[in-house]
Structure formats: C-alpha cells, structure tokens
Amino acid sequence: MTDDFEVPEELRDVEALIASTLRVIPPLEEDPTARLLGLVVDPERELDPAALRRVRQVRKIGPEALASRLQTRGWSVKPLDIITWESRGAPTVVPAIIAALADELKIDPVELTRGSKKMTASRLELLKDRSDVQRLIARLSNIRHTSLADAFALLESSTTSFAYRGAPNDDQYIKTLASLVDVIERQSQNHG
Amino acid sequence: MAGVGKQQSPDPGALYLTHRSDLIRAAVYVLYRSGLADDAEDVVQRVFVKLLDNMPANITDWRAYLITLVRRQAIDFIREKVAADKRDRNDAGLAINTSTHAFDESTVRLDRDRTTTVRQAISALPEPHRTVIIARYEEESKGKAVAEKLGISPGRVSQIHAEALDQLRAALGGGAK
C-alpha cells in the first residue's frame with residue numbers, strides 16, 4: 001500500500017470503499033486459499049476421461065444427472081462439460097471438482113485421475129512465454145475471475161479453429177487474440 | 001472433502017470460487033483504515049479453514065453469510081494485531097478502527113452491485129481525478145510516480161486525490177462534510 005497520500009478523516013470511509021473495490025484480486029494460482037480448497041490444477045494429475053465415462057456408465061448416471069448433482073454442490077458444470085471431459089480430455093478440471101465427481105460416483109478420487117499427458121503443443125502453447133501473450137492471459141483471467149490456467153484454456157479453445165489456418169504469422173495471431181479478449185471484456189462489462 | 005455428508009451445503013471450493021472477489025474486498029474494506037489491507041487474503045483463508053472444519057447447513061444466502069463471517073474475522077484480526085502491537089511496543093501504536101463504516105450495507109451493498117456502482121462513479125470522475133484514483137488504488141502507485149506521470153507537482157496530486165475522494169463520497173451518498 002502507498003502511504004504518501006494524506007487523507008482527511010472525513011474521507012477515510014470512502015477511501016476504504018474505493019480501495020476495496022479497486023483491489024486487484026490475485027490469480028487462483030497465487031491464492032493460498034484456492035490451493036487449500038483444490039481450485040488450482042494439479043499439473044501432474046488430471047481427470048481420466050475413460051475412467052469417468054466407465055464409472056459413470058457403471059453407476060447408470062447420465063451426464064445431465066451428474067452435472068445436476070455438481071450444480072447442487074455449487075459447481076458451474078453443464079452436461080456438455082461432462083461429455084467434453086469424457087471425449088476430449090480434461091486437463092484443466094481442478095482437484096476439487098474431481099473430488100466432487102468421485103464423491104457423487106462413490107469412488108476414490110485417485111481412481112478418476114491419471115498422470116498428465118503432454119499433448120502436442122498448440123500455437124498458443126508455443127507462444128505462451130511471450131510477455132504480450134502472458135499479459136493477455138492475465139487480463140482474461142481478471143475479466144473472467146478464473147485461474148491463469150483456465151484463461152489459457154479458454155483462449156486456446158476459442159482460437160483452435162483459426163490458429164493454424166487464418167493467421168499467417170505470430171504477430172497477427174496475437175493481434176487476433178487481443179481482439180478476442182477485447183470482445184470478452186466488452187461482453188463482461190455489458191453484463192455488469 | 002468438506003461439505004460431504006451434510007445436505008444442502010455447497011462445497012467450500014465452489015463457494016470460494018463464486019464469492020472470493022467479494023470476500024477479499026469485504027475484508028479489505030474492514031481492514032483498510034487500520035492499515036492492514038494487505039492481510040485481507042489471510043483473513044478470508046481463516047474463514048475457510050473454519051468452514052472446512054465445520055460446514056453449516058441450511059444457509060439460504062451464502063454470500064451474505066460469508067461476508068458476515070469475513071467481516072467478523074477481519075475485526076477479530078484487527079483486535080489481535082492491536083493486542084500484539086501493544087505487547088510489543090507497550091503503547092497503542094496501531095489504531096483500532098472497527099466501528100461501523102459510513103458505506104455499510106444500508107448505504108452501498110457489499111456485493112457485485114456495489115462494485116458496479118463504485119466503478120461507475122469512478123468512471124464519471126473528470127480527468128485527471130480519475131487517473132489519480134486508478135493509479136493510487138488499482139495500480140498502487142506512489143504520489144511521486146503519479147505526479148511524474150501527469151507532469152504536475154506531488155502537492156497538486158495530493159490535492160486532486162482529496163477532491164476526487166470528496167466527489168466520490170458525494171456521488172455514493174456517503175454524507176456531507
């Protein structure tokens with residue numbers, strides 16, 4: 001906190017209000033409470049798509065019913081998410097959700113996970129160490145109130161279709177990413 | 001995982017993910033006047049450690065419940081710090097300020113509406129007042145750095161800062177001087 005602004009006593013309350021409103025919330029990865037609660041992706045363990053599908057089918061619980069149970073527990077999970085996790089993999093599903101899935105499916109969470117597989121690097125993956133790309137990911141993380149990993153995954157999935165076809169060089173690709181983040185930010189502001 | 005076995009209770013992780021911005025800001029609001037705003041995340045963590053140990057059931061408004069817990073924890077935290085400070089310095093070096101704030105729930109609700117309302121009020125400030133407020137509270141810049149950025153004297157920055165807070169107080173209904 002800065003300390004070289006003198007504030008008259010009668011303005012201290014409004015100062016506290018402004019300071020609390022403008023407080024920058026740290027990304028989940030840097031938040032010890034988020035780690036404590038299993039909200040940060042474990043880079044070494046991920047949800048095993050085949051195990052999830054197999055156990056869910058054995059328990060005769062459809063994607064809609066499973067999503068509904070997770071929603072009751074407070075998680076924003078849709079049936080399509082379950083289907084996507086089972087068909088395309090789920091490297092960004094956090095340990096807390098894996099634990100909730102395991103609890104609903106009456107299975108040990110370990111049996112729903114596998115060692116993370118390093119997939120073929122996406123274009124975004126290849127560029128992620130660039131400072132301008134890191135700033136975009138951090139910005140999206142702030143806009144969406146998500147972890148940096150989730151923001152990265154969102155950006156990656158949003159740009160899959162044009163990553164290799166529509167953008168001939170890295171700078172143009174990053175410009176397209178920036179435009180996409182602008183759009184998401186405007187949508188976020190419009191929705192309050 | 002906590003929350004399991006108690007009907008009606010969401011998972012603590014889901015609650016935290018949904019409300020953490022509001023909770024950290026609620027802690028900052030209480031702690032700020034005592035100069036302890038940097039401990040806001042610690043205060044919120046203490047609340048969730050307690051919840052993991054004992055997750056209540058049948059809460060209808062979790063956000064309001066959690067904000068209340070955070071505010072109480074923040075007040076306890078200030079008291080702890082004051083007591084420790086007194087022990088260490090043998091005087092009352094750290095100011096305790098846990099009195100009701102002018103901008104409590106009855107004035108500006110401690111929720112997403114509040115954030116929107118305050119941000120709109122900041123956006124409506126004239127320049128350079130808006131820049132000074134953003135630099136001071138969002139970017140946590142020093143007065144000298146703000147002065148250099150704007151090409152004005154530090155004294156003028158301080159004056160603009162006070163004017164901006166006064167305008168915000170008027171806009172947000174915090175009462176007259």
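**A tour of the helices in chains A and B**

Begin by selecting helix α4 (residues 63-72) of chain A together with helix α5 (residues 79-88) of chain A: their axes come within 7 Å and cross at roughly 115 degrees. Helices here are DSSP runs of H or I with at least four residues, and strands are runs of E with at least two, each numbered from the N terminus. The axes are lines fitted to C-alpha atoms, for helices over the stretch in contact, and angles between N-to-C directions run from 0 to 180 degrees. The angle makes α4(A) roughly perpendicular to α5(A); the term covers 65 to 115 degrees, while under 35 is roughly parallel, over 145 roughly antiparallel and the rest oblique.

This is a predicted model, in which local features need pLDDT of at least 70 and side-chain atom pairs count only at pLDDT 80 or more, whereas totals for chains, interfaces and linings use all residues. Residues are numbered from 1 along each chain as its sequence is written, and chains are lettered from A and ligands numbered from 1 in the order in which they are written.

A:P63, A:E64, A:L66 and A:A67 of α4(A) meet A:P79, A:D81, A:I82 and A:I83 of α5(A); two residues are in contact if their C-beta atoms, placed from the backbone, lie within 7 Å. By class, this contact of α4(A) with α5(A) has six nonpolar, no polar and two charged residues. Ala, Val, Leu, Ile, Met, Phe, Trp, Tyr, Cys and Pro count as nonpolar, Asp, Glu, Lys and Arg as charged, and the others, Gly among them, as polar.

Now select helix α1 (residues 12-21) of chain A and helix α1 (residues 12-31) of chain B, whose axes come within 8 Å and cross at roughly 155 degrees. The two helices, α1(A) and α1(B), are therefore roughly antiparallel to each other. On the α1(A) side, show A:A16, A:L17, A:A19, A:S20 and A:T21; on the α1(B) side, show B:R25, B:V28 and B:Y29. The residues of this contact of α1(A) with α1(B) divide into five nonpolar, two polar and one charged.

Then colour the whole of chain B. Its secondary structure comes to seven helices and zero strands. Of its 177 residues, 39% count as buried, that is, with 20 or more other C-beta atoms, placed from the backbone, within 10 Å of their own.

Finally, return to chain A, which is divided into domain 1 (36-115) and domain 2 (123-190); the bounds come from an automatic or database domain assignment. The centres of domain 1 and domain 2 of chain A, taken over C-alpha atoms, are separated by 26 Å.

Technical notes:
A residue is buried if 20 or more other C-beta atoms lie within 10 Å of its own, exposed if 12 or fewer, and partly exposed in between; C-beta atoms are placed from the backbone.
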